[in-house]
Amino acid sequence: VVTVLPADTVGTGGDQGICAGNYTLGLGGHVGGCATGGVWTTSGTGTFTPNTHTLNATYRPSSVDVTAGSVTLTLTATGQLPACVASARAVVTITSAPLIITQPTNVTAYYGSPATFSVQATGTALSYQWQSALGGGSFSNVSATATNATYTTGPTTPGDDGTQYVVIVTAGGACQPSVASAVAVLRVTNTPNAPTNGLSFISTQ
């Protein structure tokens, strides 16, 4: 007697993107045909919860996985026959949240000279948006092009004195929300010691 069993089938819930430090959603594994179960494996070193044999397990990336930026999870069918060896894969992309390492600092500039503010941050695919406020007003975007880690104003005027600046740092991918920097203040002065040869001077404090 020859018994013909249906072909085994395996599937996952699809690729996912998560923020470093978080678990995935349920992996959505499913099996069929001659398969009676499945086992998860990883290309990285993270952990499955509650275990590798739970089809809808969650996965928490390790620090090695976070550094790599992605990990491939494989669900392999298990059953009573060696023929049940089908497998399916899901890629988990891991985004590092934005973290400001060096805050922007106050800047003093002579009238007519530009002022430069900068920030240093870590994270995945970072983007920046500088904002300003004057006279206790609310912050608003400086411009559509003030989107780098460093922002340089145009020539300063007496009316710019006291302007406050912040930068909003955002990571690409699954990490939200954005992070706002500390406030940096622009001081504009016409010191008697200002250069007279056309040179400008910017100091930080």
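Predicted model: local features only at pLDDT ≥ 70, side-chain atom pairs only at ≥ 80, totals over all residues.

Reply: Residues are numbered from 1 along each chain as its sequence is written, and side-chain values use heavy atoms, with hydrogens and water left out.

Let us begin with β13, which covers residues 127–133; a strand here is a DSSP run of E with at least two residues, numbered from the N terminus. Six of the seven residues of β13 are buried, so that this strand is mostly covered (buried is under 20% relative accessible area, exposed over 50% and partly exposed in between, with a 1.4 Å probe and protein chains only). The strand β13 runs antiparallel to β16, and seven bridges join the two (strands count as paired if DSSP finds at least two bridges between them). Within this pairing, S127 stands opposite T170 of β16.

The side chains bring us to the largest nonpolar core, which has 17 residues, and in which F117, W130 and L186 touch the most other members (a nonpolar core is a set of buried Ala, Val, Leu, Ile, Met, Phe, Trp, Tyr and Cys residues joined through side-chain atoms within 4.5 Å). The elements that each give two or more residues to this core are β10 (107–110), β13, β16 (164–170) and β18 (184–189). If we leave aside neighbours within four places in sequence, the contacts of F117 include W130, Y165, V185 and L186 (contact means heavy atoms within 4.5 Å). Another core, of 15 residues, lies apart from this one, and A57, L73, L75 and A77 are among its members.

Turning now to another region, we find an open sheet of four strands in the order β2-β8-β7-β4, with mixed pairing. Its edge strands, β2 and β4 (37–42), each pair on one side only. Inside that order, β7 (residues 70–78) and β8 (residues 87–95) are antiparallel and share seven bridges, with T72 standing opposite V91 of β8. The residue V91 is also touched by D15, as is A90, when residues up to four places away in sequence are not counted. The loop between β1 (9–11) and β2 (16–19) holds D15, which counts as exposed because its relative accessibility is 56%. Although D15 and R89 are 74 residues apart along the chain, their C-alpha atoms are separated by 8.3 Å.

The disulfide joins C19 to C175, with an S to S distance of 2.0 Å, and it is right-handed, with 100° about the S-S bond. Because C19 lies in strand β2 and C175 in the loop between β16 and β17 (179–180), the pair ties together parts that are 156 residues apart in sequence. Both C19 and C175 are buried.

Note on methods. Disulfide = S-S within 2.5 Å.
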